[in-house]
Amino acid sequence: MTTAVSTSPVRWGDALRAVALPLALIVVWQLWAATLPADDRAPSPARAVAAFVQLTGTGELPIATAQSLLRVLTGFAIALVIGVVLGLLMGSSRAVRDNVEPIVESFRPIAPMALLPVAILWFGTGTPAALSIVAYAAFFPLIVNTVHGVARVDRKLVQAAMTMGVSRPAILGRVVLPAALPSILLGARLAMGVAWTAIIAAELAVGAKSGGGASGGIGQMMFVFYAYSVDLNGIVVCMAVVGIVALLIDRLFRLAEHRLMPWRH
């Protein structure tokens with residue numbers, strides 16, 4: 001009981017320190033906005049909160065955020081399966097690595113948005129184009145970290161399993177994969193962050209190509225606010241939601257790491 005009481009003030013102090021600077025910046029921002037003329041288009045915290053309430057009440061913001069999240073999760077799932085499977089094969093087979101690595105390293109420096117025109121030509125300006133960009137962006141952190149994790153697996157574990165007559169697929173699934181899990185989870189965490197960034201950029205670009213269109217997503221909502229209604233407060237709301245969602249995703253991955261690998265914390 002004494003320990004709980006003594007640590008509580010420390011936790012509250014950490015929480016206050018974490019929000020002190022953002023709150024101070026918001027107060028300064030609001031004070032600056034109060035000095036502007038009433039008809040000025042500059043965004044302010046008060047107007048942004050009003051825009052958030054309005055967009056949430058109409059359902060536009062939750063629907064757009066859900067559409068973007070669904071695209072990110074789908075594209076990430078595609079990249080996860082391909083990246084981890086190919087990474088396991090590359091890390092455990094020199095022949096596979098020698099043949100596949102040059103292709104991976106040739107495409108890895110190419111930014112996802114550089115492939116957007118090709119994705120639009122192939123898939124149009126809807127969800128498939130955005131999914132392809134997300135999967136492409138998330139693929140490289142996953143495969144690189146998976147290969148790195150497999151390379152660090154203790155060879156004695158693999159040799160012991162082979163000595164006991166365990167098949168190669170079983171070794172990959174029961175020995176190599178669990179041992180490489182820390183690196184794979186790190187790659188997944190990085191990949192999800194890159195994927196969330198990529199979907200916003202892809203939806204912005206797809207919205208520009210389609211003239212607004214109906215493909216949805218919070219990125220395209222930002223484009224509409226910029227190109228049609230010039231609603232800077234709406235853009236600020238979208239930016240805040242993007243940041244908050246990214247923070248929540250990162251915290252979920254940290255929680256997953258803690259649950260799956262408690263010995264590392």
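Trainee: How many helices and how many strands are there in the chain?

Mentor: Helices (H or I, at least four residues) and strands (E, at least two) are DSSP runs, numbered from the N terminus, and the chain has 11 helices and 0 strands. This is a predicted model, in which local features need pLDDT of at least 70 and side-chain atom pairs count only at pLDDT 80 or more, while totals for chains, interfaces and linings use all residues. Residues are numbered from 1 along each chain as its sequence is written, and side-chain values use heavy atoms, with hydrogens and water left out.

Trainee: Which residues touch the most other members of the largest nonpolar core?

Mentor: A nonpolar core is a set of buried Ala, Val, Leu, Ile, Met, Phe, Trp, Tyr and Cys residues joined through side-chain atoms within 4.5 Å, where buried means under 20% relative accessible area, exposed over 50%, and partly exposed in between (1.4 Å probe, protein chains only). Here the largest core holds 40 residues, and Leu61, Phe76, Trp196, Ile199, Ile200, Ile218 and Val237 touch the most other members. Among the elements giving two or more residues to this core are α3 (60–92), α9 (181–210) and α11 (232–260). Apart from it lies another core, of 12 residues, including Val84 and Ile171.

Trainee: What does Ile218 touch?

Mentor: Contact means heavy atoms within 4.5 Å; leaving aside residues up to four places away in sequence, Ile218 touches Leu61, Ala64, Thr65, Ser68, Ile200, Glu203, Cys238, Val241 and Val242.

Trainee: Is Val85 buried or partly exposed?

Mentor: Val85, which lies in helix α3, is partly exposed, with a relative accessible area of 46%.
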